[in-house]
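Hi,

Here is the structure I promised to pass on.

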Amino acid sequence: MTRLMCFTAAAAGVAALALLTGWESDASTGPATIRITSREISRIRIDLGRPGRGPGDTEIVRLNLFNKRIKRAPIGQAEYVCTFTTRRLRSCTASISLPRGRIVAGGSIQFTELYELAVLGGTRLYDDARGTLTAIRTTRRPRRDILLFRLTG
Amino acid sequence: MKSASLSARMIAASVVLSLLVAASFAVLISAVSTLDDARDREAHSKDVTSAIVGVEKLVIDLEAGLRGFVVSNNLRLRSPYTQAHAELPGRLDALERLVADDAAQLGRARKLRTAIQIYVRDYANPILQIAEENPPAARSLVADEEGRRHTQLINARFSDLRAAEGTVAKENAASAKTQSRRAIIVAISALVACALLIVLFGLYLARSIARPVRAAATASSRLAQGDLSVRLAEDGPGEVSELSKAFNRMASELERSREDLETQNVRLRESERRKSELVTIVSHELRTPLASVLGFTSLLLNRDLEQRDQQRYLEIVDLQARRLSVLLNDFLDVENLEEGRLEFARQLLDMGTVVDEQVQLFSGQSSRHTLDVELQEKPLPVRGDPNRLAQVVGNLLSNAIKYSPEGGTVKVVGERDEEFVRVSVRDQGVGIPEELQKRVFGKFFRGDAGASGIPGSGLGLTIARSVVEAHGGRMSFKSVVGKGSVFSLELPLAAD
C-alpha cells in the first residue's frame with residue numbers, strides 16, 4: 001500500500017514536471033531549444049588500461065538537472081558513460097532523463113568545460129529526436145554546466 | 001424684394017475671400033504640421049537606427065574583447081568586453097525608451113536584449129572563465145561554433161529591428177513626402193482659388209459698378225444732348241439701383257419740365273397771338289363806335305342841321321358811346337377775371353328771382369320774341385354774387401334774342417336737384433355750326449355774327465363762363481344749325 005502511494009505521488013510529480021518543462025520545450029511540435037543547468041553529483045573513473053588516464057579507461061559521471069526558473073529542486077538526472085580513446089579524448093554516451101522523456105546523446109568530448117554531442121534519439125516526447133547538445137562549464141567547484149539542447153525535430 | 005446693397009455685397013465677398021484664404025491657410029498649416037510630424041517621425045527613426053547601431057557596436061566590442069582575451073589570454077585585450085558589458089544595459093534601456101511608442105519594435109528590442117543577455121550569461125561569461133582555466137577549450141571549434149550561433153541569433157535580432165525601423169523610416173519618409181506634396185498642392189490650389197476669386201470679384205465689381213457707371217455716363221451724355229427719353233435699368237445692387245432710380249427721376253423731371261416749358265411756350269405763343277388778335281379786335285371794335293361818335297360829332301359841329309337831325313345824331317353818338325362803355329367794361333371784366341382780381345359776394349340768393357328779374361328786363365327789348373319762364377321749383381338757392389349772376393343770365397338772354405333774328409320763343413327753365421341749381425336758356429335761332437362750337441366760349445368769338453350784322457363784343461360767354469366757374473359751377477350748351485341753341489349753367493345748391 002505504501003509502495004502504491006509512493007508510486008502515485010511520483011507519477012503525479014513527474015506529470016507536474018512534464019507540464020512545467022513543457023512550457024519551455026515543445027520538441028514534439030518541431031524545432032526547439034531546451035536550456036537547463038546541471039550539477040555534477042558523482043564522477044567515477046575506472047582505470048582499465050595502463051595505469052593513469054589513457055585509452056580504454058571508462059568514466060561514469062552523474063548529474064542532477066535543474067531549471068531554476070521553474071523550481072529549485074532537480075528536474076531530472078543525466079548519466080554520462082565515457083570511454084577514453086586517447087589521454088584527453090573520450091567517446092561518450094549521455095542519457096538525460098527529463099520529466100517528459102529521455103534524450104540520448106553521444107559523441108567525442110575533448111574538453112569537459114565545453115563540448116558538443118549529437119542528439120541521437122529519445123523516448124516519449126523526445127522520440128526520434130535529433131539535434132545537438134552543447135555543454136558549457138559555468139563553475140569548476142562544484143562543477144556546474146549549462147546544457148543546451150538544440151532539437152531540430 | 002429689396003436688392004442687397006453694393007457695400008453689403010462687397011463686404012460679403014470680402015468675408016468669403018477672407019474665409020477662403022483662412023481656410024486655405026488652415027489646411028496649409030495642418031499640412032505643414034503633419035509634415036513636421038512626419039519629419040519628427042523620420043528623425044525619430046534615425047535616432048532609433050542610431051541607437052541600434054550603438055548597441056550593435058557594443059555587441060561587436062563584447063565579441064572582440066571576448067575573442068581577444070580567448071586568443072591572447074591577455075587581460076588588457078578584454079577591456080572592450082568589460083566596457084561594453086558595462087555600457088550595454090544603459091544603451092538597451094535607451095533603445096527601449098526610443099521604441100516605447102511602437103509595441104512591435106519594443107518587442108523586438110526586448111528580444112534583442114534577451115539574446116544579448118543569453119549570449120553574455122550562457123556563452124561569454126562562461127567562455128571567459130574557461131579561457132582563464134583552460135585556454136585551449138575556450139579556443140576550440142565547439143566554442144567557436146557556439147559563439148557563432150549566439151552571434152547569429154543576435155545579428156538576426158538586430159536585422160529584425162533594423163529592418164522594421166527601416167520600414168518605419170521609409171514609411172515616415174514616404175509620409176513626409178506625401179504630406180509635402182499635399183501641402184504644395186493645397187498651397188497651389190489655395191493660391192489659384194484665391195486668384196480666381198479675386199478675378200471673379202473684380203469682374204463682379206466691373207459688372208456691378210463700372211458697367212452701370214458707364215451706362216449712367218452714356219445716358220447723361222444723351223441727356224445733355226437733349227434726349228430726355230433716356231432711362232437706366234433699375235436693377236443691380238442697392239446703391240447702383242438707387243443711382244439709376246435717381247437718374248431716371250431726374251430725367252423724368254427734366255422731361256416733364258421740358259414738356260411744361262413747351263406747353264407754356266405754346267400758351268405764350270397762343271397768348272401772344274391772342275393778344276395781337278385782341279389788339280386787332282379791340283382796335284376794330286373801338287374804332288367802329290368811335291368813328292361813329294367822331295363822324296356824327298363832326299357833323300353836329302360843322303353843319304347847320306335841323307333840330308330833328310341833331311336829335312337823331314346825338315342819339316347815335318350816345319348809343320355808340322354807351323356801346324364803347326359796355327365794350328370797355330367787358331374788356332375790364334375779362335381782364336380782371338383772367339387775372340383773378342375780380343371779387344365776388346357770397347350771399348345766399350334765389351336764382352329764380354334773378355331769372356325773373358332778367359326776363360322782365362329783356363322782355364321789352366324785342367317785340368318779335370316771346371320770353372317764356374318755367375321755374376319748376378322754388379326757391380333755387382345758391383350762394384354767390386347777385387349782380388354777376390344776373391349779368392350771366394342777362395348775357396344768355398341777350399344772346400338768345402340776338403341770335404334768333406327771325407324772332408321766336410326764348411324759353412328759360414330753372415330747376416334744381418340734390419346738388420345743383422340749373423338754369424337753361426333755349427332759343428330758336430340760327431344755331432352754331434359744329435366746327436365752331438369748340439370756340440364758343442373763346443374771347444371775341446362771334447362766329448358769323450359780325451358778318452350778319454349782329455352786334456356784340458364776343459366777350460359775353462367768356463365772362464359768363466368765368467363767373468359761373470368762379471362760383472364753383474359749370475356751363476354747357478347744345479346747338480343745331482338752323483334750329484337754335486340751349487345754353488345751361490349749373491351752380492352748387494346752397495343749403496336752404
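Before the helix angles, a word on how they come about: axes are lines fitted to C-alpha atoms, for helices over the stretch in contact, and angles run from 0 to 180 degrees between N-to-C directions. Helices (H or I, at least four residues) and strands (E, at least two) are DSSP runs, numbered from the N terminus. This is a predicted model, in which local features need pLDDT of at least 70 and side-chain atom pairs count only at pLDDT 80 or more, while totals for chains, interfaces and linings use all residues. Residues are numbered from 1 along each chain as its sequence is written, and chains are lettered from A and ligands numbered from 1 in the order in which they are written.

**Helix pairs in chain B**

Start with helix H1 (residues 6–72) of chain B, which packs against H3(B) at an angle of about 15°, the two axes being 10 Å apart. H1(B) and H3(B) are therefore roughly parallel to each other (angles under 35 degrees count as roughly parallel, over 145 as roughly antiparallel, 65 to 115 as roughly perpendicular and the rest as oblique). H1(B) passes H3(B) in a left-handed crossing, meaning that the near helix is turned anticlockwise from the far one by less than a right angle; clockwise would be right-handed. On the H1(B) side the contact is made by B:Val59, B:Leu62, B:Leu66, B:Phe69 and B:Val70, and on the H3(B) side by B:Ile116, B:Ala124, B:Ile127, B:Leu128 and B:Ala131. Contact here is a matter of two residues having their C-beta atoms, placed from the backbone, within 7 Å. By class, the contact of H1(B) with H3(B) has ten nonpolar, no polar and no charged residues. For those classes, Ala, Val, Leu, Ile, Met, Phe, Trp, Tyr, Cys and Pro count as nonpolar, Asp, Glu, Lys and Arg as charged, and the others, Gly among them, as polar.

The other pair is helix H9 (residues 386–402) and helix H10 (residues 460–470) of chain B, with axes that come within 9 Å and cross at roughly 145°. The crossing of H9(B) and H10(B) is left-handed. From H9(B), the residues that meet H10(B) include B:Arg388, B:Val392 and B:Leu396, while the H10(B) side includes B:Ile463, B:Ala464 and B:Val467. The contact of H9(B) with H10(B) has six nonpolar, five polar and one charged residues.

**The sheet in chain B**

Chain B has an open sheet of five strands in the order E2-E4-E5-E7-E6, with mixed pairing; strands count as paired if DSSP finds at least two bridges between them. Its edge strands are E2 (369–375) and E6 of chain B, each pairing on one side only. From one strand to the next, the twist averages 15°.

Strand E5 (residues 420–426) of chain B runs antiparallel to strand E7 (residues 484–492) of chain B, joined by seven bridges, and B:Arg426 stands opposite B:Val486 in E7(B). Strand E6 (residues 474–480) of chain B also pairs with E7(B) in the antiparallel sense, over seven bridges. E6(B) and E7(B) form a hairpin with three residues between them, and B:Gly482 in the turn has a positive phi of about 85°.

Helix H8 (residues 351–363) of chain B lies across E2, E4, E5 and E7 of chain B, running at about 170° to E2(B). H9(B) lies across E2, E4, E5 and E7 of chain B, at about 25° to E5(B).

Four bridges join strand E5 (residues 101–109) of chain A to strand E6 (residues 114–122) of chain A, and A:Gly106 has A:Ala118 in E6(A) as its bridge partner.

The contact between the chains takes 13 residues from chain B and 13 residues from chain A. H3(B) gives the most to the side of chain B that touches chain A, with five residues. By class, that side of chain B has seven nonpolar, two polar and four charged residues.

Cheers
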